[in-house]
Amino acid sequence: MTIETVVANIPLEDRESAPRLDNQDPTIFGQTPSQTVGPFFHYGLPWKGGADLVGKSDMGARPDLFGEEHYVLNLSAPTGIPEGEVIEIAGQIFDAKGVAILDAMIEIWQANAAGRYASVDDTREDAPLDPHFVGFGRASVDPDGIYRFRTIMPGRVPGPGNTLQAPHLAVSVFGRGLLNRLATRMYFQDGDGNGDDPVLGAVPDTRRQTLIARRRDDGHWWFDIHLQGEAETVFFAL
Amino acid sequence: MSDVMPYTREDADFAPSLSTDYRSTVDRSPREPLIMIPPTLTETTGPGAWDRLMVGPSGIDLTAQHKDVPQGQRIIVSGRVLDDRGRAVPDTVIEIWQANASGRYVHSVDNWDAPLDPNFTGAGRVVTDAEGRYSYVTIRPGAYPWGNHMNAWRPGHIHLSLLGPAFATRLVTQMYFPDDPLIEIDPIANAVPMPARQRMVGRFDIKTTKPAWALGYLFDVVLKGRNETPFEDHDHDH
Ligand SMILES: [Fe+3]
């Protein structure tokens with residue numbers, strides 16, 4: 001029987017197009033590969049207030065890059081003030097030539113001041129949730145290539161075995177030219193327990209300082225990310 | 001001590017961060033190998049439900065965000081978000097952004113002289129249901145030229161961003177269209193080795209095509225899944 005006769009037996013409205021090797025093909029089922037965010041993500045991803053985990057502001061967004069009528073992103077959910085020390089974090093993302101990247105975006109994920117994640121997968125009862133703290137933030141870099149977050153100093157979270165992790169933020173870097181999300185961590189200069197943190201301990205000591213934010217004279221924390229070169233930041237396989 | 005169920009590692013079929021045909025990767029990709037870290041609560045937790053992050057309309061119809069309907073071919077994209085064992089990923093946000101029918105973005109850095117469409121922004125958000133299903137309406141994005149090399153054109157694509165259940169599952173990718181000859185000469189799509197590249201190519205589907213209204217495309221997104229502890233046989237002493 002030819003293909004033509006088989007198709008002829010199917011009512012017109014039920015005929016399907018020829019099978020191809022594509023997303024629906026079970027022979028290639030597996031994790032969807034990562035692709036770059038490209039240079040034009042600003043009207044689709046960083047929302048107003050996305051970089052402000054403490055109060056209400058427009059931090060994180062870049063509405064200057066497109067017409068006002070095209071701001072369709074949602075706003076940050078209303079919240080009260082979370083417990084803990086309010087901190088400001090800023091930094092730049094540098095390429096191999098030491099040039100600050102202008103089309104990049106940073107996301108953070110962190111525990112609250114008590115060291116508890118606002119996640120169904122953190123089932124501990126010994127550390128309290130904070131109804132005013134989610135712990136996720138997103139910031140585009142500004143026209144000078146600087147990203148900024150306002151958040152809370154995270155508490156300490158358990159690590160493998162009986163270890164306790166030092167205060168840290170999980171950080172994702174996205175940008176034009178980045179085919180994969182780059183995952184790193186930000187720790188704090190003189191942070192409680194930096195000396196025996198199980199993740200810092202997995203990093204060669206010559207490169208450990210690339211994961212540690214410095215406190216500046218104005219009290220803000222500064223954390224630069226170097227994608228490549230002499231000062232290349234440590235990135236993790238998760 | 002914390003109970004941590006780690007996620008599977010990234011698929012070996014992912015693009016290397018350095019993929020020289022995509023020129024922007026050369027100065028923006030790390031040269032040091034990624035460092036393996038023990039999975040902790042930081043990586044296995046995530047912000048979960050999107051309504052804690054952002055409030056406002058969900059944006060599932062990108063053709064209904066302005067006064068009139070946009071130019072171009074109306075399409076319905078639907079599918080499921082699954083983990084790499086085929087289990088549904090419910091209640092996860094998918095953020096969408098794309099160019100208009102002419103391949104132009106509503107972004108001031110996009111200076112290609114294809115026309116803007118006053119009735120199209122190209123940004124939206126959907127949340128998966130209890131079975132991991134999602135669906136949104138948009139117009140098919142056009143191809144556009146870019147500066148990677150002489151006569152470089154991106155195949156039509158929709159940018160997708162998924163939070164997934166955990167920091168470890170974060171994914172940004174692009175969906176391509178099955179009848180597009182530009183895919184096989186595109187350095188960004190081809191940074192992913194074959195056949196995994198074809199996981200990013202949607203399928204035309206007559207069943208989800210709405211008569212006299214819109215063409216249907218299917219696209220499933222597969223995230224990293226949780227590793228399971230080996231099954232213990234409790235019946236050995238029967
Ligand atoms: Fe694009």
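Strand S7 (residues 144–146) of chain B supplies three residues to the lining of the largest pocket, the largest share. Strands here are DSSP E runs of at least two residues and helices are H or I runs of at least four, numbered from the N terminus. Keep in mind that this is a predicted model: local features need pLDDT of at least 70, side-chain atom pairs count only at pLDDT 80 or more, totals for chains, interfaces and linings use all residues, and side-chain values use heavy atoms, with hydrogens and water left out. Residues are numbered from 1 along each chain as its sequence is written, and chains are lettered from A and ligands numbered from 1 in the order in which they are written.

**Pockets and cavities**

Rolling a probe the size of a water molecule over the atoms shows where empty space is left. The search uses a 1 Å grid over the protein atoms alone: a cavity is a set of points where a 1.4 Å probe fits but cannot get out, a pocket is an open set with protein on both sides within 12 Å along at least five of seven lines, and lining residues have an atom within 4 Å of a point. Points are joined across faces, edges and corners, and a volume is the space filled by probe spheres set on them. By this rule there are five cavities of 30 Å³ or more.

| Space | Volume |
|---|---|
| Largest pocket | about 500 Å³ |
| Second largest pocket | about 410 Å³ |
| Largest cavity | about 120 Å³ |
| Second largest cavity | about 70 Å³ |

The largest pocket is lined by 29 residues, and A:Pro39, A:Phe40, A:Asp103, A:Arg176 and B:Val109 are the closest to its centre. Its lining splits into 15 nonpolar, nine polar and five charged residues; Ala, Val, Leu, Ile, Met, Phe, Trp, Tyr, Cys and Pro count as nonpolar, Asp, Glu, Lys and Arg as charged, and the others, Gly among them, as polar. For the second largest pocket, 22 residues do the lining, with A:Val120, A:Asp121, B:Gly48, B:Pro90 and B:Pro165 nearest the centre.

On to the cavities. Of the 14 residues around the largest cavity, B:Glu10, B:Phe14, B:Thr169, B:Arg170 and B:Leu171 lie nearest its centre, and the lining has five nonpolar, five polar and four charged residues. The second largest cavity has 13 lining residues, with A:Phe136, B:Pro47, B:Ala166, B:Phe167 and B:Arg170 closest to its centre.

**Rings**

The whole structure holds 13 aromatic pairs over all chains. Rings of Phe, Tyr and Trp (its six-membered ring) pair if their centres lie within 6.5 Å; planes under 30 degrees apart count as stacked, over 60 as edge-to-face and the rest as tilted. A:Phe40 and B:Tyr105 make a tilted pair, because their ring centres are 4.7 Å apart with the planes at 40 degrees. A:Phe40 sits in the loop between helix H1 (3–8) and strand S1 (75–76) of chain A, and B:Tyr105 in the loop between strand S4 (93–98) and strand S5 (123–127) of chain B, so this pair joins two chains. A:Phe40 is buried at 10% relative accessible area, and B:Tyr105 is buried at 0%; buried means under 20%, exposed over 50%, partly exposed in between (1.4 Å probe, protein chains only).

The charged end of A:Arg181 is over B:Phe167, 4.6 Å from the ring centre, while A:Arg216 lies over the face of A:Trp222 at 4.1 Å.

Methods:
A charge sits over a ring if NZ of Lys or CZ of Arg is within 6 Å of the ring centre and within 35 degrees of the ring normal.
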